[in-house]
Amino acid sequence: LLPILFAEAQSDQSALLNETEWTQPALFAVECALYRFWESLGVIPDYVLGHSIGEVSAAYLAGVFPLEDAARLVTARAEGMQACLAGGAMASIQANEVEVLTAIAEHDESIYIAALNSAAQTVISGDVDSVNQVVADFEEEGRRVTRLAVSHAFHSRHMDSMLEKYRSIL
């Protein structure tokens, strides 16, 4: 991971960080390293939590399973998700959950809420055309929208094909 994490900007190696097969192990490693750094300074949390790969990091750091099992889980998750249907899209929108649910309702399960980052920031994920339409609608209202540089539509039905294998590893 180190050559990818510290690759020269715009290089072929740095581009691998946009592929979930590499992104997820990199995130896990950085999250755990940051925790251990703070721990070395005497900062010990009472609780840990995370979203997506952060859940695995939090579970490992809380002692749910040893590093070897956590690494095996992260790798299996990353490989499974990389093998899923590519070509989806994700975007972060300056809007609350109700506004986004209203906006995506007409798209008939081609788009989902992937994350609620705050009371006024929601991440969507799904088919490219549906995401593009919702993004355009919010941009037209003057809302701040950020398209995410991702290889897949995470936290959407695009990931369903990896669930059975992932469950067996869990």
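This is a predicted model: local features need pLDDT of at least 70, side-chain atom pairs count only at pLDDT 80 or more; totals for chains, interfaces and linings use all residues.
Local features need pLDDT of at least 70 and side-chain atom pairs 80 or more, while totals for chains, interfaces and linings use all residues, and side-chain values use heavy atoms, with hydrogens and water left out.

Ser 92 sits in strand E1, residues 89-93; strands here are DSSP runs of E, at least two residues, and helices are runs of H or I, at least four, numbered from the N terminus. Its side chain makes a polar contact of 2.7 Å with that of Gln 121. A polar contact is a pair of N or O atoms within 3.5 Å; within protein, one must be able to donate a hydrogen and the other to accept it, and residues adjacent in sequence count only if both atoms are side-chain atoms. Beyond its neighbours within four places in sequence, Ser 92 also has contacts (heavy atoms within 4.5 Å) with residues including Thr 122, Arg 144 and Leu 148.

Then there is helix H6 (residues 97-104), where Val 100, Ala 103 and Ile 104 are buried. Seen down the axis, the buried residues of H6 fall within an arc of 90 degrees (taken from the directions from the helix axis to the C-beta atoms), so they line one face of the helix. Val 98 and Thr 102, on the other side of H6, are exposed. Strand E2 (111-118), strand E3 (121-126) and helix H7 (128-140) are among what covers the buried residues.

Technical notes. Residues are numbered from 1 along each chain as its sequence is written. Buried means under 20% relative accessible area, exposed over 50%, partly exposed in between (1.4 Å probe, protein chains only).
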